[in-house]
Amino acid sequence: MSIFKQIIAEHLISGEMTPGSEIAIRIDQTLTQDSTGTMAYLQFEAMGIPRVKTKLSVAYIDHNTLQTGFENADDHKYIQTVTKKHGVYFSRPGNGICHQVHLERFGKPGLTLLGSDSHTPTCGGIGMCAIGAGGLDVAVAMGGGAYYLLMPGVCRVWLEGKLPSMVSAKDVILEVLRRLTVKGGVGKVIEYAGPGVATLSVPERATITNMGAELGATTSIFPSDETTRQFLKAQGREGDWQELLSGNDGDYEETITINLSELEPLAARPHSPDNVAPVREIPGLKVDQVAIGSCTNSSFTDMMKTAAILDGKTVAEHVSLVVAPGSRQVLDMLAQNGALAKIMASGARILEAACGPCIGMGQSPATDAVSLRTFNRNFPGRSGTASAQVYLVSPEVAAASAITGVMTDPRTLGELPAMQEPESFPLNDNMVIPPAPEGSEVEVVRGPNIKPFPIGKVMPGTVSGKVLIKLEDNITTDHIAPAGAKLLPYRSNIPYQAEYCLSPCDPEFPARAKAAGGGIIVGGENYGQGSSREHAALVPLYLGVRAVLVKSFARIHQANLINNGILPLTFVSPADYDKIDPEDELLIEDAPQQTRGAVDGKAITIRNLTKGVSFATNAALSPRHAGMLLAGGLLAEIKANG
């Protein structure tokens, strides 16, 4: 079987491994980060389970590290104490980005990992089945519950050849995005195979699986081979290795082929990760800011490439260059071998080992600035500056452009020296705090910024409401529940967050939703793409949103809506989208009965009372989904069942 199917077969609890059918799998490990973790642990507490039941659970502090008020520090204290009480390891601020650290210190080939962050598939770079999900799904997994998903098809990416100098793993995933688009991976797992795999290091593989999240894929995965074993051996974890090799040709729903030798430096232009073009086609574009780091490109290898290009050079006078190593381990190594000094001598600013600018936590560009970033997303306004033009590039392109001051094909600077992975990494886990022994008394500290989260109510006989807003395609969770330095500190305060729901699309939306007593959201294709943040479902729930009607959903957001009791509907005929206007009054009669019928594939009929017409919608629900929606969401169902 394919690697993904091998792992699923070993972890399958229920269901058939047929693409499109619902399965339940056992979860071995979980991870959370502080932007989503506070809510996940509040939900875990609400379930009343005294101790996590996974093989390993880790809580990371890497998103909200900018402490301009008490809010972030209070949330960190809550996470540190609640994890200590319930059996979760705690990675302190400054230890690094969750995906980079988990890859280095905790990930194991062949295991399942569920994380409350959409870039959890990073650990697919060592052969894990690593999936991003909403915080409530992670809380349930920590409590020993199964994780439910629709069995994806497996798309094999067959790699041939070897990357030329100054062409990198970032260019591989940008090429995949160029071919498949940001919705081309929905309902799929991307599995890499072929002779080209052996030419890629584990950090390079992790870059590719990390940014596979932008395809909408369930996860991405590489084989666990001799390269994987050597990486784990260098991390002092050779005992965690097991071999996992790809299946035969007939075990994949589709295959695409990429010749690594033929790739060139690429860039994702504003404002989507799939708006990809060769760097050579964007020559001379003046650059104002360059940011190197994030969970996509902050490994030791990435930093060494950056240092080699910057060595003896000076950053252009009009460019602000910031560099953020992905973990304390990486930062330690750069300090010890002199590479950090080379980076600093060029004029770069060194940031904390954290998410930082990628999540809009500092380093917002100037008005109308062009920013080159080695990150994974360039959605409008995500950088913190609405008018900024953000390009996603490799560390090689970023470093070269920082020196020249314009978008630069790094191949014009010559070849990079060969980069060898270290035979051993410095090991120091003293910033990972173990949980208290089971049964210990631990006081959980809750600051005043932590507010109760909304829980859905039993579905009424009739679901109705005004169309509160009509949105276009590719609305992201950044639109629905904005992030950035001003709002991230309030991730545990849903009433405050609600004041900004969909404000990038319409600043009046929160007030209109409250005045109407809730209603219905209408949108286009790929609604809810991007971050796994559950807030994009909790905030509409708080505002009284009863249903979301769109042309298509992103996987994680659709699951989060169901988990919180909001009915997710898609048009049977996309043309019906054009027959709805804001303020139209929509009605779903016999909503519970129609919801049960959706399990058998029956359409849910919506009446547009304003226009006097009716149209059909799909809900694509399993019996489990229907039960949650009828109860008002997963937590409401758990409470109702005792």
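Predicted model: local features only at pLDDT ≥ 70, side-chain atom pairs only at ≥ 80, totals over all residues.

Student: Which residues is Y527 in contact with, leaving aside its neighbours within four places in sequence?

Tutor: With that exclusion, Y527 is in contact with L471, I475, I480, I521, V548, V550, S552, F553, A554 and H557.

Student: Why is helix 12 described as largely enclosed by the rest of the structure?

Tutor: A residue is called buried when its relative accessible area is under 20%. Nine of the 10 residues of helix 12, which spans 395-404, are buried, so the helix is largely enclosed by the rest of the structure. Among the buried residues are P395, E396 and I403, and the buried residues of this helix pack against strand 15 (289-292), helix 9 (300-310), strand 16 (320-323) and strand 18 (370-373). Just after helix 12, G405 takes a positive phi of about 85 degrees.

Student: At what angle do helix 7 and helix 8 pack?

Tutor: Angles of 65 to 115 degrees count as roughly perpendicular. Helix 7 (residues 202-211) and helix 8 (residues 226-234) pack at about 105 degrees, with their axes 10 Å apart, and the two are therefore roughly perpendicular to each other. In their contact, V202, P203 and R205 of helix 7 meet T227, T228 and F231 of helix 8, and these residues divide into three nonpolar, two polar and one charged.

Technical notes. Residues numbered from 1 in each chain as written. Heavy atoms only, no water. Contact = heavy atoms within 4.5 Å. Buried < 20%, exposed > 50% of the residue type's maximum accessible area, 1.4 Å probe, protein only. Helix = DSSP H or I, 4+ residues; strand = E, 2+ residues; numbered from the N terminus. Axes fitted to C-alpha atoms, helices over the stretch in contact; angles between N-to-C directions. Parallel < 35°, antiparallel > 145°, perpendicular 65-115°, else oblique. Nonpolar A, V, L, I, M, F, W, Y, C, P; charged D, E, K, R; others polar.
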